[in-house]
Amino acid sequence: RRTSELDNKLRSKGHELEEAQKRVEKLEEHIRQSEASLDEQKRLRQELQGDVGSSKERISKLHEMLDSIVEQLGDARVDKHEDSRRKKRQEIVENFKQLYSGVYDRMINMCQPIHKRYNVAITKVLGKYMEAIVVDTEKTARQCVQYLKDQMLDPETFLPLDYIQAKPLKERLRNISEPRNVKLLYDVLQYDPPEIKRAVLFATNNALVCETPDDASKVAYEMEEGHSRYDAVALDGTFFFKSGIISGGSLDLARKAKRWDEKHLSNLKQEKEKLSEELREAMKNSRKESELNTVESQIRGLETRLKYSKSDKEQTEKQIVAFQREVDRLKSELETFQPQLNEIEKIMAEREATISDKKEKMNSVEDVVFAEFCKTIGVEDIRQYEDQELRAQTERANKRLEFEKQRNRVLNQLEFERSRDTQSNVAKWERAVQDDEDALEQAKQAEQKQMSEIDKAMRDLDKKRSEKLAKKSECDEMDDEIGKARREVGVIAKDIQAVHKQVNAIEHKMNQKKADRHSILKQCKMEDTLLPMTRGNMDDIENETSESNSLEYSSGMNTQMMYEKEARIQLDYSQLSEAHKELDDSDDVRKQDSKLNKHITELLSTVHKIQAPNMKAMQKLEFAREKLKETNTEFDNARKKAKKAKQAFEKIKKNRYDKFSSFFEHVSNEIDGIYKALAKNPSAQAFLGPENPEEPYLDGINYNCVAPGKRFQPMSNLSGGEKTIAALALLFAVHSYQPAPFFVLDEIDAALDNTNIGKVASYIVHKKKGLQTIVISLKEEFYQNADALVGICPDPGECLISRVLTMDLSSYPIDRSEPEEAFAR
């Protein structure tokens, strides 16, 4: 019994030990995952903190840099048409670079003055070589010239490095001390790459740059050193050639010199775009602060769960140690019982064997002694008789003994009851019973109270669980809404960027209009032209000071103040005619402006020619007014006609687009199915695409096919048969839009094999209910699918006469096993 108890305890403890070990393994796995997630979240937090912190600093720096660049740009503008021409000319150079390896670039793109004060002088000296293209050899230059002729482009100037004769640099010219600040033009010009040094020497030609025209004249003609003459140029563009020719600066020269500044402006604009893009990225990174808060809350939750998991693991490991000690103790105790148990079992087995032998001997003796007695009473042996008698006697003895025990117990109880106070005991037990009943009643009431509290707690628990589920669903919905809101914020951010671009473009246009208005007002003030004003006066028009004509640009703040001051001027347009007020097209405005300028010029010339007052001037004035009125009327009529013509053109254009789009969409939808039916293979594909989606009828249509079992290839790489199938698919797709009464196909099978001829013939036969087809062919595959044959052959005789043979094949039907699904489309 003790052994079985130990075995049961051992199995129970072993099971508990296994459960604890499994729990430890699960906790270890959970801890590893939690630590990995915690490390990942900490890494993400560190990245977000770095992004958010660095982004804020970077944003402030980028704003400062952008403000600086915008201030440098100021009100500088580049003529759009001139800029477009330069881009086209630059594209020519890029084409040269791709075609010929020896092309460098234009001189102006590879050179840069060391200071803006030398811009005009360098522009004057370089002259036509400023836009020249530098190449390595004369052969390359000739190839470029031939390309210009082939493409019918404008002529260009080329500087072949192996062909031009460049004079060596005169070092002594660098040591001129009087007049002061005389420098070689070569020294004030930076260039890159160094390989073009020969071209730079050729273009500068040892020219000298001086501060003033007097200094330049002195250097050019009055240097006493060997009575030598030199080319000298002043900073204002006055050029003294050593041959004696003097060329002064001009307005066109100043405009050309601005090209050096425009290069700088172009670089500034590129830098501005780069910084704007970087600013947008930094703004995106700065918006990650909400993500950082989410990550920190996740980190706190992970740390809490990890703490609880580790404490649970420690407790479980302690339980495992206790279970292991208990198991070891039970095993050792079981091992001590086992030898004793084995010894006792061995002794018991020996005793059992001895007793069995003795009993057998006793039984044999008893059988001999009581043989006759057993025979007399009719039993087999004395043991059977003894068993029956023994059982009967044992039962009688047990009953007698039981009766005696009951009798003695009753007597003892009676005697005990007589000897003690029964009434007091009864009262005592009745009070005990009553107390127990009261306690039982209180316990029942307490139980009911506890049960009600338990029920209430269970209801609260169910309510909290339902609230938890509701909150969880709300949380999921909020997560979805947050994700949706983030996507919407991204879309809105893109829209805001687009709006910012539009606002910048509009502000740029407004600045252009303000500058144009300022130029017109300034010109009117300079010419003493009185302008009708409803508000303001001519004194509000700002005159540019001499500082604005310096090499530095005026600040954007002063310009803005000037524009704001001039904005107070409000002109009175009530004297304008209705025709002038209704002018809205820029071309019409330019035409009217040129017309009025021409008229003003004519009037001024007439005024200058007038030597005496014309007494008929009033009559001529009235006549001119009537003529002007008639002209304005004719102009209004012409403008209305032009407007109607434009509306009619737009209507026809829209109708043309709608009809073409309807036709193109129909053909695009049908051609794939027709191509699959012709190829009898669902893997075949055909699709159309316009080169110009906005006005597809102005450009070509791309037609591509994927032949069965092949990858995509351009149409030019397909075989002749594949091209024929593709062409037939396009032909039948076009026919499906507005079907013709019949087709005439002339030897379309020339590039087809018998298999493809059979596919085409089967398709034509399937479509014969809605289409009549006449096929000119020399292949038998078409003959056997035809409804009728028409043959043309010469008739023998003196004259060559064609003979026509016909044969009706409708009475010879062909068993067609092709499924209808192949031609369903």
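I started with Lys680, which counts as partly exposed because its relative accessibility is 31% (buried is under 20% relative accessible area, exposed over 50%, partly exposed in between, with a 1.4 Å probe and protein chains only). This is a predicted model, where local features need pLDDT of at least 70, side-chain atom pairs count only at pLDDT 80 or more, and totals for chains, interfaces and linings use all residues. Residues are numbered from 1 along each chain as its sequence is written, and side-chain values use heavy atoms, leaving out hydrogens and water.

Back to Lys680: I found it in the loop between α16 (617-679) and β13 (685-690). Helices (H or I, at least four residues) and strands (E, at least two) are DSSP runs, numbered from the N terminus. Phi of Lys680 is near 55°, positive although the residue is not glycine.

Next I looked up Asn205, in the loop between α6 and β7 (208-210). Its phi is also positive in a non-glycine residue, near 55°. Asn205 counts as partly exposed because its relative accessibility is 27%.

I noted that the peptide bond from Asp192 to Pro193 is cis, with omega near 15°.

Then I turned to the whole protein chain. I get 19 helices and 18 strands. Of its 825 residues, 24% count as buried. Taking contacts (heavy atoms within 4.5 Å) between residues at least 6 apart in sequence, 67% join residues at least 24 apart.
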